[in-house]
Amino acid sequence: MSRRPTAVVTLALALAAGAALAAPVLAAKPAKAKSPAIPARPEALTFGALRFEVPEAARLRHELPGGVVVYVVEDHALPLVKLQATFRTGAFREPAGKTGLAALTASLLRKGGTRGLTPEEFDEKADFLAAQIGSTAADVRATATLDVITPALGEGLDLFFEMLREPRFDERRLEIEKGILLEQMKQRNDDAGAIVAREWTFLMRGETHFASRQMTRADLEAIGRDDLVAFHRDTYGAENLVLAVSGDVDTASILADLGRRLAGFRAAGAPPAWPPAGPEHTLQPGLYHVEKEIPQGKVRIGHLGSQWRDWSDPEMYALMVANDILGGGGFTSRLTQRIRSDEGLAYGAGSGYGIGTFWPGIFQMGFDSKNPTVAYASVIALEELDRIRREPPTAEELRVSKASFVDTFPRSFESPTQIARTFANDQVIGRAPDYWVRYRERIGAVTAEQVRTVAEKYLRPDELVMLVVGKWEEIGPGDADGRASMQQLFGGRVEHLPPRDPLTLQPAR
Amino acid sequence: MRDAARRRTRRLAGALLLAAGFGLAPVPAETPRAEVPVQEFTLDNGMKFLLVPRPEQATVMGGWVAKVGSANERPGITGVAHFFEHMMFKGSRVIGTTNAARDAQIIAEQEALQEQIRALYAVQRQRYRRGEIDDPFDPAARPRELVDLESRFQTLVEEQRQLMVKDEFDRIYTEAGASGLNATTNWDSTIYFITVPANKLELWFWMESERLLQPVFREFYAERDVVQEERRLRVDSTPTGPFDEQLNAMFWTSHPYKWDTIGWMSDLRMLSLADAEDFFSTFYAPNNLTAALVGNFDPAQVRQLAERYFGRIPRGKKPVPDVVTLEVPQLAEKRMNAECDCQPQLAVQFHTAPFQHKDSYVLDIVEGLLNGETGRLRKRLVLDSQIAAAASSSQQSWRYNGFFSLSAETKGDATPADLEAALWAEIERLRDEPVPAEELAKVNNQIAATSFRNLESPFFLLLQLLFYEGWGDWSYLNTWSEQTLAVTAEDVQRVARKYFTPENRTVATYLRKAGSAAEPVPAELADLPGPLQQQVMGQIRQIRQSTDAERLEQMLGQLAAQRSQLPPEFQQIVDVVEREVRERLETLARAAEEGQP
């Protein structure tokens with residue numbers, strides 16, 4: 001191999017994106033070298049201000065002829081381009097009895113070839129170009145991505161749009177993928193973590209809504225190639241598409257290219273009802289258990305969370321801070337400090353307060369603890385839930401939490417890809433860019449009393465559901481030192497959920 | 001500067017894709033590569049710094065690697081490298097307590113009690129060896145003296161808590177807007193990292209040098225419990241974790257890679273503060289550390305700060321000991337047959353070459369040939385013969401040794417034996433046939449693209465620098481693609497023949513544990529009471545595995561005889577069992593016709 005000098009890619013070039021990528025500016029000079037004494041405590045250090053302006057969404061936003069919104073963030077540091085296409089389709093558009101059709105359609109879109117290329121030819125071409133092409137579907141959106149080196153951009157776009165517009169849905173590939181899905185279904189009860197995730201979602205949202213239901217063997221067998229063809233034909237089209245482009249592109253030329261490639265791409269089906277309807281499950285408070293022969297119980301405790309009604313609602317920001325102090329903030333949160341750091345009862349312990357866009361999120365506290373100490377750790381979690389509802393946080397807790405939200409904020413816009421995709425996501429869910437501009441100020445306005453008030457209002461001990469997966473024989477009695485047993489929780493009542501058949505998800509005996 | 005660099009980038013990527021344009025020609029051997037300009041300097045005490053300025057960022061990602069991992073442990077203290085990593089977040093003389101003097105006294109008193117506790121556990125182990133108790137750590141089997149000691153210890157913990165400033169190390173960073181404070185330990189290195197706002201860079205220097213200069217390992221025993229929970233989480237409560245751990249222990253004969261970084265549970269129960277302090281003084285000397293910063297900073301200022309803050313830490317008194325044990329060559333195949341709540345699967349693993357060994361680059365190419373959407377494994381096992389739901393390979397070249405593994409999960413009626421035969425056929429193909437030029441070009445294109453993608457995320461860039469430094473040389477980041485693109489088809493054949501031999505392999509098969517839920521239960525049995533269903537399923541399982549046609553024929557006779565004696569509600573059980581026997585007999589008959597065993 002020749003040893004001639006090699007090219008060096010200089011990385012620090014993102015400013016080429018111009019004003020679009022608002023660069024932070026160090027306003028003050030760093031600490032002077034003249035004062036070499038190291039202070040005894042870090043509080044004595046002084047820092048310059050960090051100015052960070054949110055990138056202006058409007059300057060990155062473009063509309064193609066026909067109305068497709070595209071966010072473009074140029075970045076020429078590396079010869080790489082990323083494209084993300086988000087369609088307003090997904091599980092919410094599946095017909096009855098065909099759960100999983102959206103995901104399978106998205107998967108075969110990528111794996112099933114195109115009108116002009118067999119699956120093998122398509123894969124060979126993509127791999128030879130080192131192009132990464134993906135396609136997935138979730139509850140209310142389907143996402144396709146392209147990641148390609150600049151010189152292969154044209155060929156990469158050819159493949160990508162041929163895939164989106166003229167998929168083959170090759171019958172043999174469909175059968176192979178269905179067989180793989182069946183094997184994955186068989187593993188549904190193998191990992192305790194998967195059992196917890198499934199049963200918790202079912203307890204919170206029921207088993208029938210598209211946000212929680214899961215494919216069974218019957219669904220899988222009912223889905224044929226025609227279903228995929230119809231789902232794609234009816235729900236994929238430029239009229240429900242949002243694009244995000246980032247990397248080594250020229251804005252004007254990529255827009256022209258995309259406009260050309262999307263001309264005449266329309267879904268055959270009527271536009272879906274929007275916003276989509278949420279689950280209508282009535283939660284049944286209480287303690288639930290699923291048996292699993294493992295040394296550690298996996299625990300969730302919680303109830304439904306909230307839905308954004310209005311992104312200017314101060315209560316939502318106070319709730320974010322309340323959750324951060326309770327269990328969202330890692331080592332500065334109460335659940336981690338008490339369950340992990342004080343007592344050594346779990347590796348991870350924390351909480352999340354879900355604020356959903358189209359329906360309520362989920363509030364949950366969670367940890368994994370050896371079977372005999374599940375009860376003791378649960379007692380601590382419930383004590384902390386009670387405390388955050390009763391007492392306002394300390395001034396220090398409030399200060400640390402708010403500072404963390406405000407000062408980590410620039411990380412939301414760390415890379416060109418993140419910027420483009422954040423704004424594209426806002427477009428999809430209908431959130432005004434104003435949200436980001438005012439975010440820090442709204443967090444800054446949260447008071448200690450507000451935190452207590454929203455905690456009392458939105459955390460509801462009467463509605464709590466607790467789920468534990470583990471070995472009940474060891475969990476029930478509690479620890480040898482008698483610190484707590486499951487008898488003292490939920491009035492000593494527990495519902496032992498029967499294991500489910502992994503293929504039908506019906507309770508097995 | 002910016003434009004020049006951009007032109008170069010274009011040109012090199014153009015060269016890269018020429019191959020794709022023509023569809024046949026391999027990538028030219030002198031294809032240039034992506035390279036990160038790294039500024040490097042070393043302090044007088046031996047601590048090395050690597051700087052990658054990225055002025056477009058609002059942050060600095062900072063980290064450092066201690067070139068020590070679980071390979072530096074010995075039996076009895078397995079897990080200490082990782083546990084010690086946890087202790088590095090517990091503060092210092094200044095951070096974490098309101099009364100450093102009393103705090104130190106309490107720790108000494110706690111340690112004296114723990115010495116006595118450890119002595120009692122020696123007795124418990126003796127009782128366990130003699131069969132007097134089933135578990136030396138059973139809380140119910142604790143002698144009264146032990147319970148008393150533990151309760152006295154707890155009193156000290158509570159006194160210490162009154163003086164403590166809880167998790168202050170974390171709180172200071174969090175309040176400053178830093179995020180992602182964490183660390184990771186592997187067999188060869190321990191890596192600590194965080195992201196700080198660009199204006200708070202000096203805080204990073206203060207905090208990181210503080211915990212190296214005067215750490216205090218308070219809350220040692222609560223944290224030891226946390227690490228045990230981490231082990232239960234990552235290993236003991238996962239479907240294949242405990243088996244994977246034993247596979248690794250079987251794979252290595254002499255080298256300390258044989259125990260997992262998390263450590264054996266018995267050792268985690270016994271680790272002492274003295275073990276941790278000893279570990280720190282031996283391996284955390286600045287001459288065994290490298291720091292890296294990626295982000296928005298002035299390199300000249302960083303150099304001043306590094307000298308001021310880290311320069312005050314004295315060089316280690318003794319040289320850092322090397323791992324002297326070499327892995328002995330494997331003489332014969334090793335095999336493990338496991339049963340778990342898992343998809344039936346197979347893993348085949350070979351001893352290979354360590355980090356920066358010339359063969360390691362060839363093995364990267366082998367991995368590229370085998371993996372991916374158009375890789376040989378997916379083609380043969382998943383798409384063509386359809387015996388696997390997934391198949392992949394993994395190439396690992398670590399500091400002291402390397403290994404290459406192939407794994408696959410069954411689909412349908414296929415067995416791990418079927419997977420093994422198919423994987424072995426791919427191994428033989430690598431040994432027997434030169435790689436076609438176009439296929440090698442495809443892998444080369446992917447290597448070249450990967451070398452750019454590796455530089456995209458500043459955090460990933462930081463981790464790569466620290467990992468490679470932990471293995472011995474950060475500059476691997478900049479030389480890897482060049483070395484790998486130079487690999488030839490002959491190299492692939494040579495390396496495959498050298499390492500992929502029967503006597504150098506370790507094979508693990510995993511079968512689904514009998515009675516676990518994924519087994520298809522015939523519909524007629526679905527409504528039977530649980531224990532009876534299990535009993536019938538046990539019998540069906542034996543039938544499905546039987547190769548003895550004569551015995552099966554006998555069973556048919558027995559079933560006919562039993563039928564008349566059973567109450568009507570059990571008739572359908574007989575139907576099901578009889579059907580299973582007949583199906584098995586047909587399968588055996590077909591196999592006999594096709595001349596298979």
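Buried area is the accessible area (1.4 Å probe) that two parts lose on being put together, summed over both. The legends below refer to a predicted model.

**View 1. Interface of domain 1 and domain 2 in chain B.** About 1700 Å² is buried between domain 1 of chain B and domain 2 of chain B, with 75% of it on carbon and sulfur atoms. On the domain 1 side, Leu50(B), Arg54(B) and Asp188(B) lose the most area to domain 2, together accounting for 29% of what that side buries. Contacts link 25 residues of domain 1 with 18 residues of domain 2, while the C-alpha centres of these two domains lie 35 Å apart. The assignment places domain 1 at 41-219 + 258-309 and domain 2 at 334-512.

**View 2. Salt bridge between Glu469(B) and Lys67(B).** The side chains of Glu469(B) and Lys67(B) meet with an N to O distance of 3.4 Å. Between domain 1 and domain 2 of chain B, the count is two salt bridges.

**View 3. Strand β5 of chain B and its partners, β3(B) and β4(B).** Strand β5(B) spans residues 190-197, and eight of its eight residues are buried. Thr190(B), Tyr192(B), Ile194(B) and Val196(B) point one way, whereas Ile191(B), Phe193(B), Thr195(B) and Pro197(B) point the other way. Strand β3(B), residues 59-66, runs antiparallel to β5(B) and is joined to it by eight bridges; Thr59(B) stands opposite Pro197(B). Strand β4(B), residues 179-185, is also antiparallel to β5(B), with five bridges, and Thr185(B) faces Thr190(B). A hairpin of four residues connects β4(B) to β5(B).

Conventions:
Residues are numbered from 1 along each chain as its sequence is written. Chains are lettered from A and ligands numbered from 1 in the order in which they are written. This is a predicted model: local features need pLDDT of at least 70, side-chain atom pairs count only at pLDDT 80 or more; totals for chains, interfaces and linings use all residues. Side-chain values use heavy atoms; hydrogens and water are left out. Buried means under 20% relative accessible area, exposed over 50%, partly exposed in between (1.4 Å probe, protein chains only). Helices (H or I, at least four residues) and strands (E, at least two) are DSSP runs, numbered from the N terminus. Two strands pair if DSSP finds at least two bridges between them. Domain bounds come from an automatic or database domain assignment. Contact means heavy atoms within 4.5 Å. A salt bridge is a side-chain nitrogen of Lys or Arg within 4 Å of a carboxyl oxygen of Asp or Glu.
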